[in-house]
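Trainee: Could you take me through a structure slowly, giving the general idea behind each feature before the case itself?

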Amino acid sequence: MTRFLPFPIVSFCLLALWLLLNQAATLGHILLGCMVALVGGRILTVLELPSVRVRRPGVILRLLGLVAVDIVRSNLAVGQIVLGFGRRQRTAGFVKLPLDMRNPYGLASLACIITSTPGTLWVNFDAQKGSLMIHVLDLVDENEWIRTIKDRYERHLLEIFE
């Protein structure tokens with residue numbers, strides 16, 4: 001069965017996404033979606049993804065809570081900047097962060113967290129040096145950003161994936 005359907009969850013999600021995007025559950029869309037799901041699942045075997053081992057699944061919930069709170073706070077802060085509230089001059093800039101994490105799933109999760117938080121953007125990761133560059137819309141203190149990302153996100157991701 002795994003030769004025919006190597007990643008069943010991914011294939012099911014692709015089928016569901018196909019049907020949602022087409023907003024129809026006709027026989028033709030279901031058959032075409034099944035073909036997309038089967039081909040998409042087979043393509044993932046070419047990537048030779050490393051196996052993932054989640055060590056502390058309880059930490060995932062804590063991390064999701066932190067990310068949700070940070071996204072709401074960041075939305076409010078970016079809204080204030082865009083609407084022109086506040087008197088001080090805002091300065092955007094780049095921050096270079098040293099990371100201890102090397103797990104590809106942890107790095108991908110961190111990229112999603114940083115990019116989904118308004119006002120921040122993952123720019124570059126240097127795998128040899130282990131340094132991450134992010135862009136920040138309102139850069140006040142570079143060391144505060146380094147501390148925030150390492151303490152709030154990287155620490156939890158290391159617990160989950162390393």
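Mentor: Let us begin with accessibility, for which a residue is called buried under 20% relative accessible area, exposed over 50%, and partly exposed in between, with a 1.4 Å probe and protein chains only. R56, with a relative accessible area of 43%, is partly exposed. Please keep in mind that this is a predicted model, in which local features need pLDDT of at least 70 and side-chain atom pairs count only at pLDDT 80 or more, while totals for chains, interfaces and linings use all residues. Residues are numbered from 1 along each chain as its sequence is written, and side-chain values use heavy atoms, with hydrogens and water left out.

Trainee: How many salt bridges does a search of the whole structure find?

Mentor: A salt bridge is counted when a side-chain nitrogen of Lys or Arg lies within 4 Å of a carboxyl oxygen of Asp or Glu. By that rule, the search of the whole structure gives 7 salt bridges. One of them joins R56 to E159, whose closest N and O atoms are 2.8 Å apart. R56 sits in the loop between α2 (27-47) and α3 (57-83), and E159 belongs to helix α5 (residues 142-161), so this pair ties together parts that are 103 residues apart in sequence. The names of such elements follow DSSP runs numbered from the N terminus, where helices are H or I with at least four residues and strands are E with at least two. R56 and E159 also belong, with R155, to a network of salt bridges.

Trainee: Which side chains meet D70 in a salt bridge?

Mentor: D70 meets R73 at 3.9 Å, N to O, and D70 also meets R152, at 2.9 Å, N to O. The pair of R152 in helix α5 and D70 in helix α3 ties together parts that are 82 residues apart in sequence.

Trainee: Is D70 buried or exposed, and what about its two partners?

Mentor: D70 counts as buried, at 8% relative accessibility. R73 is exposed, with a relative accessible area of 53%, whereas R152, at 24% relative accessibility, counts as partly exposed.

Trainee: Which residues form a nonpolar patch on the surface?

Mentor: A patch is made of residues with over 30% relative accessible area and no salt bridge, where like charges are joined within 9 Å and nonpolar side chains (Val, Leu, Ile, Met, Phe, Trp, Tyr) within 5 Å. In this model V52, V54, I60, L61 and L64 form a nonpolar patch on the surface, and together they have about 440 Å² of accessible area, as given by the Shrake-Rupley method with a 1.4 Å probe, where for residues only the protein chains shown count as cover. Among them, V52 lies in the loop between α2 and α3 and is partly exposed, with a relative accessible area of 46%.

Trainee: What volume does the largest pocket have?

Mentor: Rolling a probe the size of a water molecule over the atoms shows where empty space is left. On a 1 Å grid over the protein atoms alone, a cavity is a set of points where a 1.4 Å probe fits but cannot get out, and a pocket is an open set with protein on both sides within 12 Å along at least five of seven lines; lining residues have an atom within 4 Å of a point. Grid points are joined across faces, edges and corners, and a volume is the space filled by probe spheres set on the points. The largest pocket here has a volume of about 560 Å³. It is lined by 25 residues, of which R73, S74, T120, D138 and W145 are the closest to its centre.

Trainee: Where does the largest share of that lining come from?

Mentor: The largest share, 7 residues, comes from α3, and α3 and α5 each supply at least two residues of the lining. By class, the lining has 11 nonpolar, 6 polar and 8 charged residues, where Ala, Val, Leu, Ile, Met, Phe, Trp, Tyr, Cys and Pro count as nonpolar, Asp, Glu, Lys and Arg as charged, and the others, Gly among them, as polar.

Trainee: Where is Q23 found?

Mentor: Q23 is in the loop between α1 (8-22) and α2, and Q23 has a positive phi of about 55° although it is not a glycine. At 72% relative accessibility, Q23 counts as exposed.
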